[in-house]
Amino acid sequence: MTQEDPGWLPSLRGLWWYAIPVVGSVMRVRARHRETNGLIALRSVFLGLIVPLLLFGVVLSFIGPWDGGDEGWVPWAVVAIGIASLAYVAQIRRRPLPTNSGEALAGSYRALFFIGVGVAEAAALWGFAGVFLGGSLWIYLVGLAFGLVGLWMIAPTRSDIERRQREITAAGAPLSLLDALISVPWP
């Protein structure tokens with residue numbers, strides 16, 4: 001590895017834009033296109049995906065009661081979907097990365113990251129729907145917990161990049177995942 005991990009602090013810049021409904025999204029997209037470090041851009045997108053999940057909880061607190069009564073099968077369905085999503089995220093993390101080139105390596109890591117994000121957020125979004133189906137706010141918190149654990153599992157952390165690098169090195173490839181993520185521009 002020739003480059004150093006920039007950490008998460010640069011990715012926090014501009015996170016406050018999410019407080020402004022429409023303008024904030026536009027400003028975040030424009031800032032991402034100016035970012036030359038691909039890892040910072042990926043981490044910024046990751047943080048930007050967590051904020052709405054937390055804000056959904058705030059919005060739902062005005063809509064539904066904490067405990068609306070008989071929720072029936074809905075919480076169990078959210079738990080089942082949450083367990084399935086965590087199992088699938090774990091499977092995504094085990095997929096090997098191609099070592100043909102730095103571009104292929106970075107592109108594959110990013111693709112698996114976004115697939116994992118979609119799967120991880122499924123539990124939270126089913127919890128969101130569960131509030132309306134079951135009538136209780138706590139159902140969203142169950143889905144949110146599974147979603148946040150899944151996002152934590154798929155996050156582009158230093159330890160995840162190092163774990164993947166050990167797999168790449170064990171396969172006999174001379175490429176550096178960190179260098180590829182930093183230097184390959186964001187699509």
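Me: Which residues is Arg 164 in contact with, leaving aside its neighbours within four places in sequence?
Reply: Arg 164 touches Ile 92, Arg 93, Arg 95, Pro 96, Leu 97, Tyr 109, Leu 112 and Leu 177, where contact means heavy atoms within 4.5 Å. This is a predicted model, in which local features need pLDDT of at least 70 and side-chain atom pairs count only at pLDDT 80 or more, while totals for chains, interfaces and linings use all residues. Residues are numbered from 1 along each chain as its sequence is written, and side-chain values use heavy atoms, with hydrogens and water left out.

Me: Why does Arg 164 count as buried?
Reply: Arg 164, which is found in helix α6 (residues 158–170), has a relative accessibility of 3%. Buried means under 20% relative accessible area, exposed over 50% and partly exposed in between, with a 1.4 Å probe and protein chains only, so Arg 164 counts as buried. The helix itself is a DSSP run (H or I, at least four residues), numbered from the N terminus.

Me: What makes Ala 180 buried, and where is Ala 180 found?
Reply: Ala 180 is found in helix α7 (residues 177–183), and its relative accessible area of 4% is under the 20% limit, so Ala 180 is buried. Leaving aside neighbours within four places in sequence, Ala 180 is in contact with Gly 102, Leu 105 and Ala 106. The C-alpha atoms of Ala 180 and Gly 38 are separated by 8.4 Å, although these residues are 142 residues apart along the chain.

Me: Why is Ser 108 called buried?
Reply: Ser 108, placed in helix α4 (residues 102–134), has a relative accessible area of 17%, which is under 20%, so Ser 108 is buried. Not counting residues up to four places away in sequence, Ser 108 touches Leu 97 and Pro 98.

Me: How do you know that α2 and α4 are roughly parallel to each other?
Reply: Helix α2 (residues 38–63) and α4 pack at an angle of about 5°, with their axes 11 Å apart; the axes are lines fitted to C-alpha atoms over the stretch in contact, and angles run from 0 to 180 degrees between N-to-C directions. Angles under 35 degrees count as roughly parallel, over 145 as roughly antiparallel, 65 to 115 as roughly perpendicular and the rest as oblique, so α2 and α4 are roughly parallel.

Me: Why are α4 and α5 called roughly antiparallel?
Reply: Helix α4 and helix α5 (residues 138–154) pack at an angle of about 175°, with their axes 7 Å apart. That angle is over 145 degrees, and therefore α4 and α5 are roughly antiparallel to each other.

Me: What makes the pair of Phe 56 and Phe 128 tilted?
Reply: A search of the whole structure finds 5 aromatic pairs. The rings of Phe 56 and Phe 128 have their centres 5.1 Å apart and their planes at 45°. Rings of Phe, Tyr and Trp (its six-membered ring) pair if their centres lie within 6.5 Å, and planes under 30 degrees apart count as stacked, over 60 as edge-to-face and the rest as tilted, so this pair is tilted. Phe 56 lies in helix α2 and Phe 128 in helix α4, so the pair ties together parts that are 72 residues apart in sequence.

Me: Why do Phe 56 and Phe 128 count as partly exposed?
Reply: Phe 56 has a relative accessible area of 30% and Phe 128 has 27% relative accessibility; these values lie between 20% and 50%, so Phe 56 and Phe 128 are partly exposed.

Conventions. Helices (H or I, at least four residues) and strands (E, at least two) are DSSP runs, numbered from the N terminus.
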